[in-house]
Amino acid sequence: MEMVLITGMSGSGKSVALRALEDAGYYCVDNLPPQLLDSFVALEREHGARKIGIAMDVRSAASLHTVPAQLRSLREQGVAIMSIFLDASTDTLVRRFSETRRLHPLSRPDLSDQRRALVQAIELERELVGELREHAHVIDSSMIRSSQLQLYIKELIQAPAAQLTLVFESFAFKRGIPLDADYVFDVRMLPNPHYENDLRPLTGRDAPVAAYLRESPEVGDMFAGIETFLQRWLAPLVRDHRSYVTVAIGCTGGQHRSVYLVEALAQTFSQNWATLKRHRELDAVGR
């Protein structure tokens, strides 16, 4: 049996993630109380289910602390489990709740300052679900559309099980550092194709931009430095039972330098590791 557990912050996109799992053939249940997890899995096994998706959130706050031990027990029983934690910045979550006029599960409607009450509820939620975040692959939904999130979920569940998967992600510093990054590399000091008129409308995936950047010794040094760092520490990460490692590469606009390096690094490491690529800014505009 394969099980995908979706947890995360309220308003971060868990319903969207469940829809992606359903599209991929998973039988999904939203807001399953942790007390029912073992019996639910046993029941679905009896029915011959092969793929199940479960969402849990802070509405079950009193028993969320039992989930890590339950997951360990299920893995010992042969259930292949992938844990995905959806996160978003506090400002993003406040905006989403304000736009939908929904109440946060931990909100206190008796407070006069509703924005302050919402922020307090979000910060309390971060504390309550912190342990679940530590044991899951994190996806930052702050800057991505629903279609992007669904794509990322489908890519994750297709990655080979029982081995470490490298996720290379490009981003723009001007739009913020991804919350899901395990390692962040700043490449804003490298030569910028943005200042070349012929290259400005292109991206790091286009041959002229790639050729321009390959000619730069600094770009080569940056690539070699990141490659050496990862080659040194991937084996210890595997020994630490890590399933996913997200490496974020950032430049000013997330269009040229970071994109080129993500493409180049993914190509190199895909020879020996399962790899995924994300281009946060390009994916947002469908480029």
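Predicted model: local features only at pLDDT ≥ 70, side-chain atom pairs only at ≥ 80, totals over all residues.
**Close-up 1. The open sheet with strand order 7-8-6-9.** Four strands make up this sheet, and their pairing is parallel. Which strands sit at the edges? They are strand 7 (183-186) and strand 9 (274-279), and each of them pairs on one side only. Going from neighbour to neighbour, the strands are turned by 20 degrees on average, direction ignored. Zoom in on strand 6 (residues 165-172) and strand 8 (residues 244-251), and you'll find eight bridges joining the two in parallel. For a handy landmark in this pair, look for Ala 172, which stands opposite Cys 251 of strand 8.

**Close-up 2. Helix 1 against helix 7.** Here helix 1 (residues 14-23) packs on helix 7 (residues 146-158), with 9 Å between the axes and an angle of about 50 degrees. That angle makes helix 1 oblique to helix 7, and their crossing is right-handed. Helix 1 brings Val 16, Ala 17, Ala 20, Leu 21 and Asp 23 to the contact. Facing them from helix 7 are Ser 146, Leu 149, Gln 150, Ile 153, Lys 154 and Ile 157. Sort the residues of this contact by type and you get seven nonpolar, two polar and two charged.

**Close-up 3. Helix 4 and helix 5 crossing.** The axes of helix 4 (residues 90-100) and helix 5 (residues 114-128) come within 10 Å and cross at roughly 125 degrees, so the two helices are oblique to each other. This crossing is right-handed. On the helix 4 side, the contact uses Thr 90, Asp 91, Leu 93, Val 94 and Phe 97. Helix 5 answers with Arg 115, Leu 118, Val 119, Ile 122, Glu 123 and Arg 126. By type, the contact splits into six nonpolar residues, one polar and four charged.

Close-up 4. Strand 4 (residues 80-87) pairs with strand 5 over four bridges, in the parallel sense, and Phe 85 is found opposite Val 138 of strand 5.

**Close-up 5. Asn 31 and His 241, two loop residues with positive phi.** Asn 31 isn't a glycine, yet its phi is positive, at about 55 degrees. You'll spot Asn 31 in the loop between strand 2 (27-29) and helix 2 (37-46). Its relative accessibility is 24%, so Asn 31 counts as partly exposed. His 241, another non-glycine residue, has a positive phi near 65 degrees and sits in the loop between helix 9 and strand 8. Is His 241 buried or exposed? With 70% relative accessibility, His 241 counts as exposed.

Terms used: Residues numbered from 1 in each chain as written. Heavy atoms only, no water. Axes fitted to C-alpha atoms, helices over the stretch in contact; angles between N-to-C directions. Parallel < 35°, antiparallel > 145°, perpendicular 65-115°, else oblique. Left-handed = near helix turned anticlockwise from the far one by under 90°. Contact = heavy atoms within 4.5 Å. Nonpolar A, V, L, I, M, F, W, Y, C, P; charged D, E, K, R; others polar. Pairing = 2+ DSSP bridges. Buried < 20%, exposed > 50% of the residue type's maximum accessible area, 1.4 Å probe, protein only.
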